[in-house]
Amino acid sequence: MSLDTPPLALLLDVDGPIASPITRKVAPGIIASLNALLRVGIPVVFNTGRSDAFILEQVMAPMIAAGIPARSVVHAVCEKGAVWFSFTANGPGTIHVDRDLAMPTSFADDVRSLVGESYADHMFFDETKRAMVSVEQLVAVDNDDYLTQQKLFDSDVLALMSRHGLGAVRLEHRYPAPDGDINYRVDPSIISTDIESVRLGKDLGASRAVELLCAEGIVPAAWRTVGDSRTDYAMADWLHHQGHEVKHVDVRPKDGVPTKPYQVLTAADLGLGADIIHDHAGASFLQAWLDAVRG
Ligand SMILES: [Mg+2]
């Protein structure tokens, strides 16, 4: 197998930089840019907390409808590294699940009941997750109202985890199991709460991305990672630590840009205003990379 060394490979968080956090859908211009980047030989890998079902419906289907180049393979690492698959113009391949990284079923069942009994007006239980337990804001609900309910929900979830003997960490607070273990994480985002193995993360997703490309004989000269959360920096942290050339794009730098040993880019670096965030910033960066590769 001959080695392919594209100048760039893209490792993309989905919610925020690609899918609108408002509509949860991907704008047609972003779909067109992704296909155009594939056409010029730039590998595209998604690294998301979303399920494979979400990626199939919201990302793969519109990319296929718009015309994925015939020989392109797109990889999708889902559920923060617990699930992964690849797709082409012909559709998806096998969906892989690392069962060791899944939440206990009895706990997931209790979370489903908790949502049904107390939180169904604001959120829904994501039935498409295979390893994580995710509870998401209903699109019709106001985000401020959701965020208020989310705090109550998260504290109910931590109590439930304690009853199941599951040690957890939420943000900087630790809630160990009776044996002292903390094997799980409660991770609140602006539109959902994920409950997951502590081994999951965007760093695991990045390692799977490198492996998936390597298996195709693709070793990119540099990576560009894109995200809207602090946890997304873990992609670039991991790649940098492994010796890969990487720059990270933060499409929602409202929380402040941390100091990193690699370059962090925001919409301001494209000469855009601070109001260009989320998928609007994502779209601008995809276009900028396309322009750069096309020369
Ligand atoms: Mg995101």
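Entry 1, conventions. I take two strands as paired if DSSP finds at least two bridges between them. Strands (E, at least two residues) and helices (H or I, at least four) are DSSP runs, numbered from the N terminus. The model is predicted: local features need pLDDT of at least 70, side-chain atom pairs count only at pLDDT 80 or more, and totals for chains, interfaces and linings use all residues. Residues are numbered from 1 along each chain as its sequence is written.

Entry 2, the sheet with β9 and β10. I looked up strand β9 (residues 168–170) and found that 3 bridges join β9 to β10 in the antiparallel sense. Within this pair, Val169 stands opposite Arg174 of β10. Both strands belong to an open sheet of 6 strands with mixed pairing, ordered β7-β8-β12-β11-β9-β10. β7 and β10 (173–175) each have a single partner strand and stand at the edges, so one side of each is left without a neighbour in the sheet. On average, neighbouring strands of this sheet are turned by 20° against each other, direction ignored. For such angles, axes are lines fitted to C-alpha atoms, for helices over the stretch in contact, and values between N-to-C directions run from 0 to 180 degrees.

I count two residues as in contact if their C-beta atoms, placed from the backbone, lie within 7 Å. Helix α3 (residues 105–119) lies across β7, β8 and β12 (192–197), and runs at about 155° to β7. Helix α4 (residues 143–163) lies across β7, β8, β9, β10, β11 (184–188) and β12, at about 170° to β11.

The chain is divided into domain 1 (9–98 + 201–294) and domain 2 (100–197), with bounds that come from an automatic or database domain assignment. Their contact takes 13 residues from domain 1 and 15 residues from domain 2. The C-alpha centres of the two domains lie 25 Å apart.

I located Arg130 in the loop between β7 (123–125) and β8 (133–137). Arg130 is partly exposed, because 19 other C-beta atoms lie within 10 Å. Not counting residues up to four places away in sequence, Arg130 touches Ser51, Glu79, Val83, Val97 and Ala102.

Glu79 is buried, with 29 other C-beta atoms within 10 Å, and Lys80 counts as buried with 27 C-beta neighbours inside 10 Å. Phi of Glu79 is near 45°, and Lys80 has a positive phi of about 50° although it is not a glycine. Most residues other than glycine have a negative phi.

Methods:
A residue is buried if 20 or more other C-beta atoms lie within 10 Å of its own, exposed if 12 or fewer, and partly exposed in between; C-beta atoms are placed from the backbone.
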